[in-house]
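User: Could you take a close look at one part of this model for me? I'd like to follow a single aromatic side chain and learn what surrounds it.

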Amino acid sequence: MDDLKNIAPELSKIKKENSFKVPDNYFDDLPMKIQERILQKKSRGYYNIFELLKKPAYAVSFSLVFLMLIIIPLSISIYKDHGNNNQIAYGSLEIADIEYFEISEELLIEAISVEYFDETSSMEQATDEVIDYLIDNIDYSTILNEL
Amino acid sequence: MAEYNDHELLEMFRDEDKVNYAFNLIVRKYQERLYWQIRKIVINHDDTDDVLQNTFIRAFKGLSAFNEKSQLYTWLYRIATNESLTFLRKKRKRLFLSLNDVENQLANRLVSDEYFSGDEIQLKLQKAVLSLPEKQRLVFNMKYYDEMKYNDISEILNTSVGALKASYHHAVKKIESYLKNKDELH
């Protein structure tokens, strides 16, 4: 107390008293109220889900969990379907590959060569026809005059 | 009514047939002391009533695991303190207030509180206590009003005795300063 007088003279002057009050009979009734609450909780189980859902924080949490329970299995099934589609696509690629490899290199060269030779022979034929035409229809003097 | 010591009450509580009777005796034994501890933190009677009931319900759930390493009273006191602080934090969040604002609000409500009978100087002292940081306020209440030993406070707040002495010293100095400054204003 002497310490308090030294470090806090104003505080030490104030009478130490309890200025708070309680309603009449509060402490007589309280044990019964607590007992009732404990019995209520026991009979309901400590966590009644419907009671909890009345509180906004719990309601939001439960909604999120509920949505997750719907979304996750749905996403998994969509992903699985998507995976199956990929397999079909890969399968068709395999078929395309088989078709591609069935055309052998020799066949390919032959096809190209035939086309090439056909084309060159027809071009040679056309040139000969043009020369023949020129020989038959145009005399040398006309050609020399043009030059 | 026979007065049982804590050990006897706990023994009785462990007997399945006497659980409710034993707990009722524990409530009767400690309700007033815990009430005043909580009341000094949350200030308002109705809030104190809620916090005190929650304290005893929490104690009921945990009592079967209580191993008597600490005294029953300090264990209950610790639950009451935690429940009170949790209550204030929830209130702060709910009203989007800072901790200081909550304490200002409590101080302002004290003026019109029908269950507060203090005169002007007592009101001023309560406002000074409410202006302290949370931990200093707890230490001040336990030491100044409840005259608890530092060892018991240390067990309740899980803080070293040295740190508690320093907290109490700072709290007293701040209250003295508050009282002096407010005197100058009046």
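Analyst: Happy to. Phe13(B) has a relative accessible area of 6%, so it is buried. Please keep in mind that this is a predicted model. For chain B, the mean pLDDT is 89, with 95% of residues at 70 or more.

Phe13(B) lies in helix H1 of chain B. The buried residues of H1(B) are Asp6(B), Leu9(B), Leu10(B), Met12(B) and Phe13(B). Looking down the axis of H1(B), you find these buried residues within an arc of 160°, so they line one face of the helix. And what covers them? The cover over the buried residues of H1(B) includes H2, H3 and helix H4 (72–94) of chain B.

Over all chains, the structure holds 16 aromatic pairs. In one of them, the ring centres of Phe13(B) and Phe23(B) are 6.1 Å apart with 55° between the planes, so this pair counts as tilted. Phe23(B) is buried, as is Phe13(B).

The other partner is Phe60(B). Its pair with Phe13(B) is edge-to-face, with 5.7 Å from centre to centre and 85° between the planes. Because Phe60(B) is in helix H3 of chain B and Phe13(B) in helix H1, this pair ties together parts that are 47 residues apart in sequence. Phe60(B) has a relative accessible area of 7%, so it too is buried. Helix H3 (residues 45–62) is also where confidence in chain B is highest, at a mean of 96, while helix H5 (residues 99–111) has the lowest, at 75.

Now let's step back to the chain as a whole. Chain B comes to 9 helices and 0 strands. Of its 186 residues, 52% count as buried. Among contacts in chain B with a separation of 6 or more, 61% are between residues 24 or more positions apart. For chain A, the count is 7 helices and 0 strands, and buried residues make up 11% of its 147 residues.

Tyr35(B) and Trp36(B) form one aromatic cluster with Tyr26(A) and Phe27(A), so here rings from both chains come together. Two rings in chain B have a charged side chain over them. Arg33(B) lies over the face of Tyr73(B), 4.2 Å from the ring centre. In the other case, the charged end of Lys143(B) sits over the ring of Tyr150(B), at 4.4 Å from its centre.

Helix H7 (residues 134–145) of chain B has 12 residues and spans 16 Å from first C-alpha to last, close to the 16 Å expected. H7(B) is mostly covered, with 10 of its 12 residues buried; among them are Leu138(B), Val139(B), Phe140(B) and Met142(B). Just after H7(B), Glu147(B) takes a positive phi of about 50°.

To return to your side chain: Phe13(B) is buried, forms a tilted pair with Phe23(B) and makes an edge-to-face pair with Phe60(B).

Conventions: Residues are numbered from 1 along each chain as its sequence is written. Chains are lettered from A and ligands numbered from 1 in the order in which they are written. This is a predicted model: local features need pLDDT of at least 70, side-chain atom pairs count only at pLDDT 80 or more; totals for chains, interfaces and linings use all residues. Side-chain values use heavy atoms; hydrogens and water are left out. pLDDT is the predictor's confidence in each residue, from 0 to 100. Helices (H or I, at least four residues) and strands (E, at least two) are DSSP runs, numbered from the N terminus. Rings of Phe, Tyr and Trp (its six-membered ring) pair if their centres lie within 6.5 Å; planes under 30 degrees apart count as stacked, over 60 as edge-to-face and the rest as tilted. Buried means under 20% relative accessible area, exposed over 50%, partly exposed in between (1.4 Å probe, protein chains only). A charge sits over a ring if NZ of Lys or CZ of Arg is within 6 Å of the ring centre and within 35 degrees of the ring normal. The expected span of a helix is 1.5 Å times one less than its number of residues. The arc is that of the directions from the helix axis to the C-beta atoms. Contact means heavy atoms within 4.5 Å.
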